[in-house]
Amino acid sequence: MNKIAKLFVTFISAITLALVSFTSSFAKVEGEYIVLGSAISLTGKYSSNGVHTQNGYNMAVERINKMGGVEVQGKKYKFEIIYYDDESNPKRAAQLAERLIKQDGVHYMLGPYSSGLTKAIAPVTEKYKIPMVEANGASRSLFTKGYKYLFAVLSPANQYLEVAIDLAVEKNGGKGVKIAQAFEQDAFSQDVRLGILDAAKRTGSEIIIDDKLPKELNDMAATLAKVKAVKPDVLVVSGHTKGALTAIRQISEMKVDVPMLAMTHCDAAKLSKQHGKKSEFALCASQWHKNLSYKDKFFGSGKKYAKDFQKEFGYDPPYQSAESSAALLVFKDAFERANSFDRDAVRDALVDTEMQTFYGNIKFGPGGQNVAKPMILFQVRCKGDDCENRVVAPTKWASDKFYHPIPKWSERS
Amino acid sequence: MEKVKQKDLILYSGLIILGLAAPYLFSAFKVQLTYLCVLIVLAMTWNLQGGEMGYNTFGNILFYGLGMYLTASVQVGMFFPLAEWTESGGEKTFVHTTTQYFQGIGVGLLVAAIIPTIIAGAIGYAILGLRGHYFAICTLGLGIAAGEIAGGIEIIGAGQGFTTPPFPAEIVDAEARGKFFYFLSFALLIGTFVFVKYIYGSRFRLILNAIRDNEDKAEAMGIQTMKYKIVGWMCSAFFCGLAGGIMGGLIGYIDSTDVAFDGREMGVFMVLMAILGGKGTLWGPVIGATLFHFFKEGLWTLILGWQYVALGVLIVVIVVYFPEGLMGWLREKYPERFGEVIDEKDRKAQVELK
């Protein structure tokens, strides 16, 4: 047994040495770089949106650095981001946040993708008093916790599809409508559901189907069969990218006729490209659309951003990328106004943020959510086989009229 | 029980001192060290079934997840209405005082130990009659089903997840939380180790081994195998429940399928770690879990996006080259160090037979 014991002693000391040798700590600001940290979903169920988010961050970092960087106390700094893959898992995300802060010495964080992961990371950044500007955690409950270091550039999740219900009621002559809904069992989609519940109550609408969809979403035929049977006025589906893709695929396969179809994540799913005409008339909630008239000096207009993004990454930017880019603009602005790298000074500067970016106006409410920007709705419309997302609400930016009701499948070519 | 040998004593006290000093020596790594303790506990308890009893269970994650939800629910429910805490994804905010927090987590952990144990007894009674692959598949189903069911129960947050009570704000030291959870998990690790070591010196282990080697024969010899199988599983459930409870508090956010009933990660990892180190040995799971954790933390981020491919390769390497795990491999190479006596004459005689 004693040799075994020796073996263990050797083993343990090797580990100890290894640990000690890699306890090196970066500084929050290294040379000319301001180091930001982010755990992002590069693998797992959110990987496609995780990549959209990362592309958005990278695009903004590159642009800001190229255009002179961040000026603090007369010195120019550049942004740099340390990424880890959180595997779309809240447990991993919380652990990586801890790692970024404690081991990599990061003092400013960028958010992960999705509400669930943001919920897991926020307590950690809060504990260490690390300002986090996040662009992809929309759950309403994030903004009622009294977090002081959390800032979200996007509108809360419950606002996503409320407008869609209002539209349906309006088309119904102001009377309540029958709603069928199916939501993925995750923090974000369930929050969208809460918004619908509120809207239904407000408008006197009735919810006749209220289904839950599993997380690894690739089938919702059971819900659609019910929809076929009970004929609701509106069908609401939310389940990130996979939810949008699955809904359109199965609705067209099963030829489900419903006057109005409201969804989330259509642009992230590249619905109009992937499903073409099958996705026509789908109504989608979005944080941003390239046709909006906001402007800033880094990206110009939304259209310019979309063009540059297309050139860089080869696809049309979904709002997830746009809002992520905006997060960097917010950080830059806050650093410059704080004129310091003190975390609390930066935090206070973030509180006072009031700016316009290509993505929209940004001003943080008391809970950290962006209160200056409305949600928009677009509808997929096709000309021949060429499909496009057209803004239909709010009317201020609408480029097209809302098409209602959706023609029956038997009448669609 | 045999007297603890002097050499062992040095080893154990050394390890305990290292364990106690670790959060101060490697202050930045407290969370990872806490994970390590929990991983070792999971691997060691899995080894009781998978290694000693020959029942490959994927169901231990059930007790881990239950422990997590129970601890958090009790911790909240003792002082506030649980339904309001989790309503609408946890919109309302209640704040625990320092005393409430620690009382809550104490009672919560107690419940997290007891209830999974009882449930293990009940489920065990129902399904431990299954053998081999049937048992494995059945337990696999248990974990998945539990995740889906938990995702539908409103009072524990359903799909929106359950934010566990934040560490009391009155404690200003930012390191206190990390230390608290580390020492909690370290205590659990010591408790588990002592318990498993005790089992290794007892008749109970021999019975488990008999079940593994030939269950029918064991039964024919008058051993009530069912009873022992159930008790064995209940022991694992006890420690898994505690491990889950600690992890829930540490992570701070419980999601039904990704954090609590995380069969795809934790559920697979515990099996993998036990096999990597060598199942059916006392130290195997400990070494396996440690190596695995270092591999994961060290290499994972260097190969962003490819980590699961690397994990797959690791599994293949383990299965092909170390089917008996590291301890098994060492034992084969240096049997005398494991106290196995080889009769040289006998060995030579066998060689000469050729």
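## A residue in the core

In this predicted model, B:Leu42 is in contact with B:Asn60, B:Tyr64, B:Cys240, B:Ala243, B:Met266 and B:Met270, leaving aside residues up to four places away in sequence.

B:Leu42 and B:Ala243 are also the residues with the most contacts inside the largest nonpolar core, which has 218 residues. Helix α2 of chain B, residues 30-53, gives the largest share of this core, namely 15 residues. Because domain 1 (29-155 + 292-363) and domain 2 (159-286 + 375-411) of chain A both contribute residues to this core, it lies between them.

## A residue in a loop

B:Phe94 is placed in the loop that runs between α4 (82-90) and α5 (98-127) of chain B. B:Phe94 counts as partly exposed because it has 13 C-beta neighbours inside 10 Å, and, not counting residues up to four places away in sequence, B:Phe94 touches B:Phe80 and B:Trp85. Between the C-alpha atoms of B:Phe94 and B:Asp8, which are 86 residues apart along the chain, the separation is 49 Å.

## The interface of chains A and B

Contacts between the two chains involve 43 residues of chain A and 42 residues of chain B. On the side of chain A that touches chain B, at least two residues each are supplied by α1 (2-21), β4 (75-85), α3 (90-102), α4 (115-127) and α6 (187-203) of chain A, and the largest share, eight residues, comes from α1(A).

By residue class, this side of chain A that touches chain B is made up of 17 nonpolar, 13 polar and 13 charged residues.

Terms used: Residues are numbered from 1 along each chain as its sequence is written. Chains are lettered from A and ligands numbered from 1 in the order in which they are written. This is a predicted model: local features need pLDDT of at least 70, side-chain atom pairs count only at pLDDT 80 or more; totals for chains, interfaces and linings use all residues. A nonpolar core is a set of buried Ala, Val, Leu, Ile, Met, Phe, Trp, Tyr and Cys residues joined through C-beta atoms within 7 Å. A residue is buried if 20 or more other C-beta atoms lie within 10 Å of its own, exposed if 12 or fewer, and partly exposed in between; C-beta atoms are placed from the backbone. Helices (H or I, at least four residues) and strands (E, at least two) are DSSP runs, numbered from the N terminus. Domain bounds come from an automatic or database domain assignment. Two residues are in contact if their C-beta atoms, placed from the backbone, lie within 7 Å. Ala, Val, Leu, Ile, Met, Phe, Trp, Tyr, Cys and Pro count as nonpolar, Asp, Glu, Lys and Arg as charged, and the others, Gly among them, as polar.
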